[in-house]
Amino acid sequence: MLTRKIKLWDINAHITCRLCSGYLIDATTVTECLHTFCRSCLVKYLEENNTCPTCRIVIHQSHPLQYIGHDRTMQDIVYKLVPGLQEAEMRKQREFYHKLGMEVPGDIKGEACSAKQHLDPRNGETKADEGSNKETAEEKQEEDNDYHRSDEQVSICLECNSSKLRGLKRKWIRCSAQATVLHLKKFIAKKLNLSSFNELDILCNEEILGKDHTLKFVVVTRWRFKKAPLLLHYRPKMDLL
Ligand SMILES: [Zn+2]
Ligand SMILES: [Zn+2]
């Protein structure tokens, strides 16, 4: 037992993300220098920078997000080395789907949506998670499904761009590409305790999105970074401002 702890401690530096100090989630590597970070951490960082956070090389002058890639091998290693990490991550994702009232996709065991509640390498415990859902038999079933990453998944960052509304505690989410803008509005309204989802507009590249558009449609028509999570903003409807 002790031996195992020491070993994990020794390799921690290689399996943690320099940006959040958590274990790597959705490990993503800079093509040029091969430094690895959580995808959400790296993408967020590259919104403001174009250099590698570790070695500072310029990844690309204008489109750094196109020169980073998912590192499945590294993620598999992290999950194998850190007991409970993958389960904790999958549980968070399932809870997310339940809160949104959506069906839990079969591939949820595969990739991680990187919310910030990583296992903390400093104490080896899961950081506070609001309400731990009891797993139903059905969820257990989902867990037994394979690792396939379905194309019908989309990672999203939901940012608030109005001082009239709060930001979300967990703004990085992952859900079915078939979900609509209306689903997101309902999700945000619930999180922020708004009386109606109708009070919100959701924007992509400064354009208001129609509530019936699927996220797949938004990604295809509005989003230029095909590999990066979809960045959406929300704010109160114009006539409420
Ligand atoms: Zn990170
Ligand atoms: Zn680097």
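View 1. The structure is a predicted model, in which local features need pLDDT of at least 70, side-chain atom pairs count only at pLDDT 80 or more, and totals for chains, interfaces and linings use all residues. Residues are numbered from 1 along each chain as its sequence is written, chains are lettered from A and ligands numbered from 1 in the order in which they are written, and side-chain values use heavy atoms, with hydrogens and water left out. Donors are N, O and S atoms within 2.8 Å of the metal (3.2 Å for Na, K and Ca); water is not among the atoms, so sites may look incomplete. The ideal angle for four tetrahedral donors is 109.5 degrees. Cysteine 52 is buried, with a relative accessible area of 0%, whereas cysteine 55 is partly exposed at 31%. Buried means under 20% relative accessible area, exposed over 50%, and partly exposed in between (1.4 Å probe, protein chains only).

**View 2. The zinc ion (ligand 1) has four cysteine donors: Cys17 (SG), Cys20 (SG), Cys38 (SG) and Cys41 (SG).** These donors lie 2.3 to 2.4 Å from the metal and follow the spacing C-x2-C-x17-C-x2-C along the chain. Cysteine 20 lies in the loop between helix H1 (2-15) and strand S1 (27-30) and cysteine 41 in helix H2 (residues 39-48), so the pair ties together parts that are 21 residues apart in sequence. Helices (H or I, at least four residues) and strands (E, at least two) are DSSP runs, numbered from the N terminus. The donor angles of 107 to 115° make the arrangement around the zinc ion (ligand 1) tetrahedral. Cysteine 20 is buried at 19% relative accessible area, and cysteine 41 is buried at 10%.

**View 3. Residues 17-56 carry the UniProt feature "domain: RING-type", from an unreviewed entry.** UniProt positions are given in the numbering used here, feature names are shortened, and annotations may be inferred rather than shown by experiment. Over residues 17-56 the chain is 25% helix and 18% strand. The end C-alpha atoms of this stretch are 15 Å apart.

**View 4. Helix H3 (residues 72-81) has Met74, Gln75, Val78 and Tyr79 as its buried residues.** They cover an arc of only 135° around the axis, which puts them on the same side of H3; the arc is that of the directions from the helix axis to the C-beta atoms. Thr73 and Lys80 are exposed on the other side of H3.

**View 5. Serine 162 is placed in the loop between strand S6 (153-160) and strand S7 (172-176).** Serine 162 is buried, with a relative accessible area of 13%. Its side chain reaches the backbone nitrogen of lysine 164 at 2.9 Å. Beyond its neighbours within four places in sequence, serine 162 is in contact (heavy atoms within 4.5 Å) with Tyr234, Arg235 and Pro236.

**View 6. Leucine 192 is found in the loop between helix H6 (181-191) and strand S8 (200-204).** Leucine 192 counts as buried at 9% relative accessibility. Residues up to four places away in sequence aside, leucine 192 touches Leu165, Arg166, Gly167, Leu168 and Tyr234. The C-alpha atoms of leucine 192 and arginine 166 are separated by 7.0 Å, and these residues are 26 residues apart along the chain.

Methods: Polar contact = N/O pair within 3.5 Å; in protein donor to acceptor, adjacent residues only side chain to side chain. Tetrahedral: all angles 85-135°; square planar, octahedral: opposite > 155°, others 65-115°.
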